[in-house]
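User: I would like to go through a model with you, starting with strand pairing and then turning to a chain interface. Here it is.
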Protein chains: 6
Amino acid sequence: MIYLTRIEHFNAAHKLYNPAWSKEQNEDVFGKCANENWHGHNYDLYVTVKGEVDEQTGFLIDVKKLSLIIRDYVLEILDHKNLNVEVEFLQGKMCSTENLAKGIWQILDHQLPPNVTLHCVKLFETARIYVEYYGD
Amino acid sequence: MIYLTRIEHFNAAHKLYNPAWSKEQNEDVFGKCANENWHGHNYDLYVTVKGEVDEQTGFLIDVKKLSLIIRDYVLEILDHKNLNVEVEFLQGKMCSTENLAKGIWQILDHQLPPNVTLHCVKLFETARIYVEYYGD
Amino acid sequence: MIYLTRIEHFNAAHKLYNPAWSKEQNEDVFGKCANENWHGHNYDLYVTVKGEVDEQTGFLIDVKKLSLIIRDYVLEILDHKNLNVEVEFLQGKMCSTENLAKGIWQILDHQLPPNVTLHCVKLFETARIYVEYYGD
Amino acid sequence: MIYLTRIEHFNAAHKLYNPAWSKEQNEDVFGKCANENWHGHNYDLYVTVKGEVDEQTGFLIDVKKLSLIIRDYVLEILDHKNLNVEVEFLQGKMCSTENLAKGIWQILDHQLPPNVTLHCVKLFETARIYVEYYGD
Amino acid sequence: MIYLTRIEHFNAAHKLYNPAWSKEQNEDVFGKCANENWHGHNYDLYVTVKGEVDEQTGFLIDVKKLSLIIRDYVLEILDHKNLNVEVEFLQGKMCSTENLAKGIWQILDHQLPPNVTLHCVKLFETARIYVEYYGD
Amino acid sequence: MIYLTRIEHFNAAHKLYNPAWSKEQNEDVFGKCANENWHGHNYDLYVTVKGEVDEQTGFLIDVKKLSLIIRDYVLEILDHKNLNVEVEFLQGKMCSTENLAKGIWQILDHQLPPNVTLHCVKLFETARIYVEYYGD
């Protein structure tokens with residue numbers, strides 16, 4: 001068993017705002033992150049897959065193919081987007097890094113070739129905050 | 001003459017959109033950055049000042065004071081904000097990293113103590129793009 | 001289950017010196033690190049907690065609260081300190097990165113709110129050396 | 001149980017080329033990486049060992065000794081080398097980061113002192129691609 | 001006047017070898033870098049241009065266009081190549097980072113649009129070594 | 001003219017304390033940095049030299065020789081040292097990053113070979129604070 005990680009980047013706007021709460025309650029809980037006019041981040045996304053090395057190629061998976069899967073299925077719907085408004089898998093959910101990582105896992109888990117298994121989705125919101133999700 | 005740099009961070013939403021142009025023209029020129037629903041970035045701000053070392057302290061300037069000036073006058077108006085909507089010095093201007101760096105220079109140039117001179121405002125929009133402004 | 005990590009920084013002086021040994025033995029084992037006049041480091045501290053996401057906030061834990069806990073209970077006693085002389089939990093122990101990480105774990109394990117569990121304390125002594133502790 | 005990681009660097013040339021295939025097949029599968037004239041990388045190598053802390057030293061292992069083991073047994077045969085041509089443990093195998101990490105594990109696993117156990121070999125091929133191997 | 005920098009990456013093989021010298025002399029001067037079987041690097045390329053901000057776009061230059069110019073004219077001939085064997089502008093010259101940076105300058109200086117001026121080519125050979133060239 | 005930079009590292013203890021002042025005045029001005037029991041840092045040192053490229057080697061200067069000069073004349077007296085107590089060039093001066101950078105310049109300016117000129121000493125005290133000195 002070996003683990004391979006590819007790092008990709010995307011930029012997006014969001015706010016942390018629970019529509020079931022008053023504006024004051026949102027500001028109490030989320031502070032500046034509740035700004036109704038949005039703020040945003042550069043996200044660094046680490047996708048780790050695991051499996052056995054193919055003897056013919058020496059690869060677990062061709063990292064260019066892994067990069068294309070992440071770009072086609074994840075970055076395509078997140079990059080330069082408003083996460084609250086434009087991302088289907090976040091509708092009805094809080095737009096946190098935790099929920100973003102879990103949603104990215106759900107997408108990638110269906111798109112990988114059969115010989116590799118998704119191991120971890122790690123997402124940096126800033127250089128000093130990151131979330132890791134290993135599935136359920 | 002010696003140079004001291006302090007690095008600070010802020011997050012913000014913005015879009016690149018010229019209101020004098022049609023939506024199509026904006027998308028032609030700015031691509032994904034013209035998304036009307038906004039996107040955002042983690043900005044890394046490098047502020048460099050220059051001057052002579054004070055013999056009593058060994059400091060050009062106390063870096064904690066420089067940090068407070070940047071926080072009080074720059075981060076206060078930019079961090080977790082929508083740059084197009086909420087930042088006065090960008091009204092009527094394109095919300096680019098170039099104009100952001102120039103505006104930060106104008107602010108800081110009036111707030112530094114008399115013994116130091118502002119040398120450079122360097123602003124990373126992503127880990128692979130940055131702008132430097134040295135004044136006029 | 002999801003994992004959230006917050007990165008904090010502190011600076012400190014220390015030496016590696018076993019008082020039960022002669023000066024020569026200390027220099028043999030610890031080399032330059034045994035310098036009786038002390039040396040020091042910028043430490044990068046990664047604190048990882050785990051648990052379930054709260055549906056109302058989308059958070060495992062508000063990362064600002066986690067940061068405050070680390071600052072109030074860990075940085076307050078370590079930042080800009082002499083680790084050998086001024087840190088109670090290191091008295092009678094060798095002042096190594098290993099023991100520092102274990103001591104930070106003991107502190108944080110008692111200060112976290114009940115819905116999260118401490119998962120890992122990771123401590124960089126230099127950019128090329130780090131220790132990880134996951135509890136016993 | 002505690003974990004200690006030492007990071008080392010080496011540079012090397014290689015190509016991804018399966019001699020059992022035609023040139024066209026190699027270019028189809030490996031693209032630019034199949035260039036017969038070689039290309040190369042700066043590799044960052046993270047070696048993680050685990051075990052118990054020695055009370056006399058406060059160390060899991062003296063990190064300078066760990067660094068010397070990595071230099072003497074790994075960097076000595078990989079640094080500034082052509083991985084396909086000059087590295088014995090890669091003969092008859094594809095010269096991928098996956099196989100490189102596994103080969104480094106085999107070497108180090110025999111060279112560590114008895115009180116520590118090899119936990120992970122992590123190898124960055126570029127700043128955005130890395131492999132982790134934890135043994136079989 | 002404002003300065004904009006775009007960072008790009010490429011990988012390549014090379015050796016430091018003066019064909020006018022004996023093998024021994026090459027090894028005396030260049031050490032491991034003279035290995036006849038080649039070694040290689042991940043190069044980080046910083047391209048800085050300067051000029052005036054366009055009021056309509058807020059840009060000095062569209063950074064995506066700058067990136068495409070670097071990719072089309074520089075990375076196309078350097079990425080995944082053997083610098084000694086396959087790069088025309090290095091024929092008859094020593095294949096050093098200094099000469100590589102100067103050659104990249106010559107190429108880019110002819111490819112930039114008229115409203116911007118090339119200011120600096122900065123090239124990292126490793127994380128701890130870089131060269132800067134500002135033209136003649 | 002071309003510029004070459006080598007990055008080196010050292011660790012040291014220090015305090016900011018003006019012996020002509022009272023303890024209270026020192027704490028007022030320097031805060032935690034005045035701790036009489038010392039604190040410390042990992043310093044990153046960037047040394048930039050300039051000159052013409054030698055045609056025979058392709059080098060401005062062999063970067064290994066530059067590294068050795070920095071190690072022999074700078075790191076030898078600063079690494080794992082107490083800057084206030086053990087460093088001759090800081091005696092009678094405040095032990096600030098500014099004075100440290102100026103002192104490193106004085107040393108290196110006398111040790112470089114005649115074909116290169118010292119251009120800049122850049123010194124990071126933390127990841128967010130650095131000083132640059134270009135001589136007088």
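User: How many bridges join E4(E) to strand E5 of chain E, and do they run parallel or antiparallel?
Analyst: This is a predicted model. In it, E4(E) and E5(E), the latter spanning residues 129-133, are joined by five bridges and run antiparallel. The two strands form a hairpin, with two residues between them. Within this pairing, Thr126(E) has Ile129(E) as its bridge partner.
User: And which strand is joined to E4(E) by eight bridges?
Analyst: That is strand E2 of chain E, residues 39-51, which is also antiparallel to E4(E). Here Val49(E) stands opposite Leu118(E) of E4(E).
User: How many residues of E4(E) are buried?
Analyst: Nine of the 11 residues in E4(E), which covers 116-126, are buried, so the strand is mostly covered.
User: Changing topic: how much area do chain A and chain B bury between them?
Analyst: They bury about 1,600 Å², with 47% of it on carbon and sulfur atoms. On the chain A side, the most area is lost by Asn37(A), Asn42(A) and His80(A), which together account for 34% of what that side buries.
User: How many residues does each chain bring to the contact?
Analyst: Chain A gives 20 residues and chain B gives 20 residues.
User: What is the salt bridge count there?
Analyst: There are two salt bridges between chain A and chain B. One of them links the side chains of Lys32(A) and Asp79(B), at 2.5 Å from N to O.
User: And how many residue pairs are in polar contact?
Analyst: Across this interface, 17 residue pairs are in polar contact, counting pairs with both residues at pLDDT 80 or more. By class, the side of chain A that touches chain B has five nonpolar, 10 polar and five charged residues.

How values were computed. Residues are numbered from 1 along each chain as its sequence is written. Chains are lettered from A and ligands numbered from 1 in the order in which they are written. This is a predicted model: local features need pLDDT of at least 70, side-chain atom pairs count only at pLDDT 80 or more; totals for chains, interfaces and linings use all residues. Side-chain values use heavy atoms; hydrogens and water are left out. Buried means under 20% relative accessible area, exposed over 50%, partly exposed in between (1.4 Å probe, protein chains only). Helices (H or I, at least four residues) and strands (E, at least two) are DSSP runs, numbered from the N terminus. Two strands pair if DSSP finds at least two bridges between them. Contact means heavy atoms within 4.5 Å. Buried area is the accessible area (1.4 Å probe) that two parts lose on being put together, summed over both. A salt bridge is a side-chain nitrogen of Lys or Arg within 4 Å of a carboxyl oxygen of Asp or Glu. A polar contact is a pair of N or O atoms within 3.5 Å; within protein, one must be able to donate a hydrogen and the other to accept it, and residues adjacent in sequence count only if both atoms are side-chain atoms. Ala, Val, Leu, Ile, Met, Phe, Trp, Tyr, Cys and Pro count as nonpolar, Asp, Glu, Lys and Arg as charged, and the others, Gly among them, as polar.
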